[in-house]
Amino acid sequence: MTTSLANQAWDACSSALQFDQYLAGELDPPDAERFRAHLDDCARCTSALNELRSGAKERLPPLRVVPFPPRSRFPIRALAAAAGIVAAASLLLVVRSPGTRSKGTGFTLGMYVEHQGEVRRAGPGETVAPGDAVRFAVSAPVDVFVAVLSLDANGHGSIYFPAGGRAERVQAGNDVALPLGTRLDATAGEERILGLFCASPVELEPLRLQLERGGPEIPDGCQVTRWSFVKR
Amino acid sequence: MSLDAGAIERLYRSHGHIVLRRARALLGSEEDAQEALQEVFASLLRAPHSLRNATSVVGWLYQSTTHFCLNQLRNRRTGARLLQSSVAPAPAPAHVAGRGGEVLAELRRVLSRLPADVAAATVYHHLDGMTHAEVAGLLGCSRRKVGYLLERAQRSLALLEQSA
């Protein structure tokens, strides 16, 4: 094999697969016992195992999904007409221009929740459950760069939309479903949602970090909608 | 084994790091690795029955991650060809600069040129350190076939090195 491949090889007595299966409790008891016994005598394998254990502690972002039923079973239009009034009345739309904040209109964020196979339109303050899937929809009078951020009850910020690091262009329209959904994790409590509508593809990671620190500073040229749901 | 959405979410929390670690190694880009993580579990949500015949969840995640990442590498190669035919060469990105970056970039170029089953066998055997029997288990073929695939990889790599 080439030097380049050899340099990248897993460096332990058993394969990476066997290490992961051991950590996941998938090895048969006799195999697991042999594995443990070997670890006692092998510093290299012990080191590899510790490294994998350390990696397993990394906090993962929320699972994004698009698990909703086909369009025919997803009554966006019928629900949107009724919910639009609620959304318009409930969402606080803040316009940020240099140095000032004021109320504005035109951009709204909606949310749909799938719970045990049933999809409903959610309102601010909605109660949802861990494992529910949520998907956002926006109404915008013009094409706009959109992002959806969240702050969970533990103070962890996430970017629900888009997948990339910058706000993504969404075409003008009414209740345009964003192409990514999110499967909610088990963190209970109130989760704050921030919908950003911007004139340019703003960088999102700095905003996510600011959100965790009590912000964010809304970039010039952006409008923001805020709401929350409660997970229990 | 077939899982509901809640169980898949729990599986994501408990096993997602395996996918992320391997995708980082194979793709060399944090953004692409995060995308691989999401795609592997999204595919499970779309088709939870795909785990039905799996004897090992970890093994299934290895297969799914490898399949996704090798596809990504092949797509990058196609994209790079298209770019080269229409725009001037761009400077190498910072993350592939330097000797270590060159080695990794070379590795990914090599994998993107191998047939799918040969590339997968190469990844499992040479990068994950699997025995021929373990590779055979994941690929669903005989150990003899694994030996043949790895020989083909050797020959392909030798040819690529000669032409480089």
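Modeller: About 3,100 Å² is buried between chain A and chain B, and carbon and sulfur atoms give 60% of that area. The model is a predicted one, and the values here are computed from it. The size of an interface is often given as the accessible area lost when the parts come together. Counted by residues, the contact takes 30 from chain A and 39 from chain B.

Polar pairing across the contact comes next. Between chain A and chain B there are 15 residue pairs in polar contact, counting pairs with both residues at pLDDT 80 or more. On the side of chain A that touches chain B, the elements giving two or more residues are α1 (3-7), α2 (16-23), α4 (43-56) and β1 (63-65) of chain A. The largest share of that side, five residues, comes from α2(A). Sorted by class, the side of chain A that touches chain B has 16 nonpolar, eight polar and six charged residues.

Side chains of opposite charge can pair when their charged atoms come close. The rule finds two salt bridges across the interface of chain A and chain B. In a salt bridge between B:R24 and A:E58, the closest N and O atoms are 2.8 Å apart. Over all chains, the count of salt bridges comes to 16.

A salt bridge within chain A is also worth a look. The side chains of A:D11 and A:R44 meet in it, at 2.8 Å from N to O. A:D11 lies in the loop between α1 and α2 of chain A and A:R44 lies in helix α4 of chain A, so this pair ties together parts that are 33 residues apart in sequence. Helices α1, α2 and α4 of chain A are among the elements listed above for the side that touches chain B.

Next, the space inside the model. The count comes to one cavity of 30 Å³ or more, and the largest cavity holds about 70 Å³ of space. It is lined by 15 residues, of which A:P62, A:D152, A:S158, A:Y160 and A:D185 are the closest to its centre. The lining divides into five nonpolar, three polar and seven charged residues.

Two backbone details of chain A remain. A cis peptide bond, with omega about 0°, joins A:F161 and A:P162. A:P162 is in the loop between β9 (157-161) and β10 (168-170) of chain A. A:D175 is not a glycine, yet has a positive phi of about 60°; A:D175 sits in strand β11 (residues 173-183) of chain A.

Definitions and conventions: Residues are numbered from 1 along each chain as its sequence is written. Chains are lettered from A and ligands numbered from 1 in the order in which they are written. Side-chain values use heavy atoms; hydrogens and water are left out. On a 1 Å grid over the protein atoms alone, a cavity is a set of points where a 1.4 Å probe fits but cannot get out, and a pocket is an open set with protein on both sides within 12 Å along at least five of seven lines; lining residues have an atom within 4 Å of a point. Grid points are joined across faces, edges and corners, and a volume is the space filled by probe spheres set on the points. Ala, Val, Leu, Ile, Met, Phe, Trp, Tyr, Cys and Pro count as nonpolar, Asp, Glu, Lys and Arg as charged, and the others, Gly among them, as polar. Contact means heavy atoms within 4.5 Å. Buried area is the accessible area (1.4 Å probe) that two parts lose on being put together, summed over both. A salt bridge is a side-chain nitrogen of Lys or Arg within 4 Å of a carboxyl oxygen of Asp or Glu. A polar contact is a pair of N or O atoms within 3.5 Å; within protein, one must be able to donate a hydrogen and the other to accept it, and residues adjacent in sequence count only if both atoms are side-chain atoms. Helices (H or I, at least four residues) and strands (E, at least two) are DSSP runs, numbered from the N terminus.
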